Amino acid sequence: MIDRSDLAAEYGLARDALDLAGAAPLTIVNLFELNAIARYPGGEECPGVEAMRRYGAVSGPCLEAAGGRFLSQALLTGVAWGDDDGPWHLLVVASYPDAGAFWSLLADPDYRRAFAHRRAAVARQRVLVGASL
């Protein structure tokens with residue numbers, strides 16, 4: 001088993017956000033600004049949206065294997081109210097039975113390999129964690 005501190009460092013996570021959730025079901029809200037061109041460390045390039053599709057093709061089944069599920073995946077069309085700190089291109093909402101399921105996803109070897117596509121695709125992201133009431 002991979003240490004959670006090591007996983008948090010690998011993914012650049014604020015571990016406290018997950019630890020505070022305890023055993024409660026989690027909702028994770030992802031906001032993504034995609035790169036027009038995704039650039040991989042080895043020099044490969046592709047459209048950012050293609051790199052994100054590559055990530056999604058693997059991350060979806062890994063999410064389900066960890067006990068999670070997607071609640072919504074949407075192209076963002078604008079801000080209805082509040083501060084517009086965009087541009088955000090993509091909104092993805094997922095649920096997990098608890099923080100342990102999320103950590104299981106992060107430890108999955110297939111997910112860890114696929115995360116390279118997310119890194120290449122994403123110019124900026126915001127990942128919000130909520131514990132069910």
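Which residue's side chain does the side chain of N30 join in a polar contact?

A: Happy to take you through it, and please keep in mind that this is a predicted model. The side chain of N30 is joined to the side chain of R118 by a polar contact of 3.4 Å.

Let's start with the N30 end. N30 sits in strand β1, which covers residues 26-34. With a relative accessible area of 9%, N30 is buried, because buried means under 20%. Setting aside neighbours within four places in sequence, N30 is in contact with L90, L91, V92, R118, R126 and V127. R118, the polar partner, is therefore also on this list of contacts.

Now for the R118 end. Helix α5 runs over residues 109-121, and R118 is one of its buried residues, together with Y111, A114, F115, A120 and A121. The cover over these buried residues of α5 includes α1, β1, β2 (37-39), α3 (48-65), α4 and β6 (122-131). At the start of α5, a side-chain oxygen of D108 reaches to within 2.7 Å of the backbone nitrogen of D110.

Y111 and F115 are four residues apart in α5, so about one helical turn separates them. Y111 counts as buried because its relative accessibility is 3%, and F115 is buried with a relative accessible area of 6%. Along with Y55, Y111 and F115 form one aromatic cluster.

Another of the pairs takes us to α4, one of the elements that cover α5. The rings of Y96 and F102 have centres 5.1 Å apart and planes at 90°, so they meet edge-to-face. Both Y96 and F102 are buried. F102 is also listed among the buried residues of α4, along with A99, A101, W103, L105, L106 and A107. In total, seven of the nine residues of α4 are buried, so the helix is mostly covered. The N-terminal end of α4 is capped by D98, with a side-chain oxygen 3.1 Å from the backbone nitrogen of G100.

Helix α4 (residues 99-107) also has a helix partner, α1 (residues 4-11): their axes come within 10 Å and cross at roughly 65°. This crossing is left-handed. On the α1 side, the residues involved are R4, L7, A8 and Y11, and they meet G100, W103, L106 and A107 of α4. Sorted by class, this contact has six nonpolar residues, one polar and one charged.

For a last stop, look at V92, one of the residues in contact with N30. V92 is also touched by F70, whose other contacts beyond four places in sequence are G60, L63, V93 and A94. F70 has its place in strand β4, residues 69-75. From F70 to V129 is 59 residues in sequence and 14 Å in space, C-alpha to C-alpha.

Terms used
Residues are numbered from 1 along each chain as its sequence is written. This is a predicted model: local features need pLDDT of at least 70, side-chain atom pairs count only at pLDDT 80 or more; totals for chains, interfaces and linings use all residues. Side-chain values use heavy atoms; hydrogens and water are left out. Helices (H or I, at least four residues) and strands (E, at least two) are DSSP runs, numbered from the N terminus. Buried means under 20% relative accessible area, exposed over 50%, partly exposed in between (1.4 Å probe, protein chains only). A polar contact is a pair of N or O atoms within 3.5 Å; within protein, one must be able to donate a hydrogen and the other to accept it, and residues adjacent in sequence count only if both atoms are side-chain atoms. Contact means heavy atoms within 4.5 Å. Axes are lines fitted to C-alpha atoms, for helices over the stretch in contact, and angles run from 0 to 180 degrees between N-to-C directions. A crossing is left-handed if the near helix is turned anticlockwise from the far one by less than a right angle, and right-handed if clockwise. Ala, Val, Leu, Ile, Met, Phe, Trp, Tyr, Cys and Pro count as nonpolar, Asp, Glu, Lys and Arg as charged, and the others, Gly among them, as polar. Rings of Phe, Tyr and Trp (its six-membered ring) pair if their centres lie within 6.5 Å; planes under 30 degrees apart count as stacked, over 60 as edge-to-face and the rest as tilted.
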